Amino acid sequence: MILKVNDLEFSYHKTTILQNVNLSIDKGAFVGIFGPNGGGKTTFLQLLMGFLKPTKGTIAISNHTPKEARSLIGYVPQVTHYDRQFPLSVLELVLMGCLSKSSWIGTLPKESKIRALEALKRVNLTDKQEASFGTLSGGQAQRALLARALVSQPKLLLLDEPTASVDPKAEKEIHDLLFSLKGEMTILMVTHDLETIYQKVDRWLCINRQISSYAPSEVCQHFSHGLYHHPTLPIL
Amino acid sequence: MIFEPFLSNLFLQYALFASFAASIASGVIGSYVVVKRIVFISGSISHSVLGGMGFCLWVNRHYEIPWLSPLQGALASGILSALLIGWIHLKYREREDTVIAALWSTGMSIGVIFTTLTPGYTAELMSFLFGNILWVSQRDIHLLLGLDLLVITLVAIFHRKFLAICFDEKQALLQGIAVHSLYLLLLCLIAISVVLLIQVVGAVLVITMLTIPAAIASTLTHRLSSIMVIAVALGWLFSFLGLSFSYTLNWPPGATIALTAALFYTFSLLKKKNVSTC
């Protein structure tokens, strides 16, 4: 088991965002996360990364607290979160995933560049390594962010709507890439694109203040339109 | 000849050398300011230093402490403001803009009050506000070079990490980088650059020289390290041209340098607009 959440609660300015969350995720699982806007999906990811502190309860990632486990986590947010005018090459972006290995004078080990190039190859962006991050298409930029997460060889990969702002072709490329990683690491992906992948993940979590768990066979296509309905199963 | 005055006039030679020294730190640090979009924060730091300057000038005259110079006050108050703004950014982000504005005006008010209380003639205030590079002494140039060396050494060590926190603080945290400490260090380096530039253009015009060379450079390349190099070169160009115009037209040097930079920036914006409409 890589993730264990016990009686988690999170409130912000007296508003309860998440409550009564009990959850465990096995190593290597591919978990899809869905739920209405404002339901607490992104908050849940922020709690897992230790950027927010639970009001109550505990989170254990490989038996460590989220802050201690940060080096085990890769994170891929939506590309729209970034300043696309920021002066940065794709290779520089991917090398940011190796910074935990940098020396006190700021130099990276030689193998960092090799690993960064391997990650770029994996996301099919080798020919773009010298390109500016801002000149990439939405799908390419999202894959570059995925390469930055992969280069740190995470045990737990968190993705926050990685296909929300890309065209259908890029969406399929990103999904294919992610499913090729299945089993190599534990993946938790927030998504609204249930229709295309709902049978491919190992398990679904619906987050709407509380967390409900579904087997893929229990997920209905209605959910992708926000029409959530019972039965929901208690989380084991 | 545009070079002639610089060959014969010692004041101009010192002024040119000082402006070159200031352009090094401002080009490098200004690039971070522009790409992280913290120009407003830098403006607040540059204006709040007037409080420290006015205070030190008052202590210097009132208690007759000759070694205490307004520049030391600028450095101390700049760093204090940087730390305060940084702390607010990290702890109470939703109130950040209000605190920045409050520090901006509070620093200036303290500066004006202490300068008014200072006995004797206080022409210094005008030179701190709008700069007077022709007053630069050899000691000031040594201070400028020392601060340049400090800024360049720290940037050489922390550049990758500064780049990471400028682009994505959360990813930097996941990589185990001391994001909060480095953010405070970056703000302190901005404060040092502000003090360097006050000598050249004065507190009111500092923001021009801190941001315009880097802003123009950012339209020419997509590498931060290249932006820094181009920004330093542009800082040198604006200082040289500004001083030349100032000497020829008998205009104040600081304002003329800032105006030269602003003219170049306008041309770069117009050129960019033309390119994007084509």
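Predicted model: local features only at pLDDT ≥ 70, side-chain atom pairs only at ≥ 80, totals over all residues.

Biologist: In what order do the three strands of the open sheet with antiparallel pairing stand in chain A?

Modeller: The edge strands of this sheet are strand 2 (15-25) and strand 4 (56-61) of chain A, each of which pairs on one side only. From one strand to the next the twist averages 25 degrees. Read across the sheet, the order is 2-1-4.

Biologist: Which residue is the bridge partner of A:Leu8 in strand 2 of chain A?

Modeller: Strand 1 (residues 3-12) of chain A pairs with strand 2 of chain A in the antiparallel sense, over seven bridges. Within strand 2 of chain A, the partner of A:Leu8 is A:Val21.

Biologist: Why is one side of strand 5 and of strand 9 of chain A left without a neighbour in the sheet?

Modeller: The open sheet of six strands in chain A has mixed pairing and the order 5-6-7-3-8-9. Strand 5 (73-76) and strand 9 (210-214) of chain A stand at its edges, so one side of each lacks a neighbour in the sheet, as each has a single partner strand.

Biologist: At about what angle does helix 1 of chain A run to strand 6 of chain A?

Modeller: Helix 1 (residues 41-48) of chain A lies across several strands, including strand 3 and strand 7 (186-190) of chain A. Strand 6 (156-160) of chain A is another one that helix 1 of chain A lies across, and to this strand the helix runs at about 150 degrees.

Definitions and conventions
Residues numbered from 1 in each chain as written. Chains lettered and ligands numbered in written order. Pairing = 2+ DSSP bridges. Helix = DSSP H or I, 4+ residues; strand = E, 2+ residues; numbered from the N terminus. Axes fitted to C-alpha atoms, helices over the stretch in contact; angles between N-to-C directions. Contact = placed C-beta atoms within 7 Å.
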